[in-house]
Amino acid sequence: MFIKPTTTKTLLIDLDHTLWDFESNSKVALKQAMEHLNILEWVEDYDLFFEAYEKVNTSYWEKYRNREIDKEKLIIGRFEDTFAQVLPKAKGLGLRLNNSYLELMPLQSKLLPGAWEFLEYASGKYHIVLITNGFCSVQRKKLYTSKIDQFVDHVVISEEVGAPKPSSKIFQYALSCANTRKSDAIMIGDSLEADVKGALAMGIPTIYFTDDELSGSEVKDSDYLLSITNDWYWIKEQL
Ligand SMILES: [Mg+2]
């Protein structure tokens, strides 16, 4: 059951995988990057290629988070490894593909279902603060391309604040931007570690934006967890 706090005046919302459709957008951006490098024609089935890349990419990110590899190894290795598996002809083009991909990525504009409608509705009723981990140039470009900057009152980016979610520093900063007490805000985000645990630890009411109910089991008992859902249409009705 969802009980909306009566005093809510500010919504803190994550960007990637919450508003901005990271999966779809990255798939399109990578395809465009391969087209630019004239290697898309070497691929018989792009869906299969992307599937292989996603698996490799996930394992590389895990190694990166565990500090087994550095950023350089991550950005090149994820493509070179994919090439080795399914497109050996492209060997050696990993760095160029990565650079082109990262340039094209923030130019994609697809949002998750209902996100636009929600922002349109909520921006007339609440302060909207975007709170995102990432690089300023990239994240701001995404907001501009997808045209959601018009609904947003403040954009808080970890690179600018000098602390990524789940650090209390960035949440504190976001609240002060909107001149809001934590009990008068709601955090909405897809990352259990960064968004949900970060906000709950500070006592900010939180919506865990996911369809994976199992992964929410460890926070289910928190007094501040309002709901687990990834349905923007439903959230709109509650708020
Ligand atoms: Mg996210």
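Which residues does alanine 174 touch, not counting residues up to four places away in sequence? In this predicted model, alanine 174 touches Leu12, Val129, Ile131 and Val156.

Alanine 174 lies in helix H8, which spans residues 168-177. With 25 other C-beta atoms within 10 Å, alanine 174 is buried, because the cut-off for burial is 20 or more. Threonine 10 is 164 residues from alanine 174 in sequence, yet the two are 9.9 Å apart in space, C-alpha to C-alpha.

The largest nonpolar core has 39 residues, of which Leu12, Leu19, Val129 and Ala174 touch the most other members. A second, separate core consists of 12 residues, including Leu30, Met34, Val56 and Phe79. Not counting residues up to four places away in sequence, the contacts of leucine 12 are Val129, Ile131, Ala174, Ala185 and Met187.

The model also contains an open sheet of 6 strands with parallel pairing, in the order S3-S2-S1-S4-S5-S6. Strand S3 (154-157) and strand S6 (225-228) are the edge strands, each pairing on one side only. From one strand to the next, the twist averages 20 degrees. Strand S5 (residues 206-208) is joined to S6 by 3 bridges, and the two run parallel; threonine 206 has leucine 225 as its bridge partner in S6.

Two helices lie across strands of the sheet, as tabulated here.

| Helix | Strands crossed | Angle |

Conventions. Residues numbered from 1 in each chain as written. Predicted model: local features only at pLDDT ≥ 70, side-chain atom pairs only at ≥ 80, totals over all residues. Helix = DSSP H or I, 4+ residues; strand = E, 2+ residues; numbered from the N terminus. Contact = placed C-beta atoms within 7 Å. Core = buried A, V, L, I, M, F, W, Y, C linked by C-beta atoms within 7 Å. Pairing = 2+ DSSP bridges. Axes fitted to C-alpha atoms, helices over the stretch in contact; angles between N-to-C directions.
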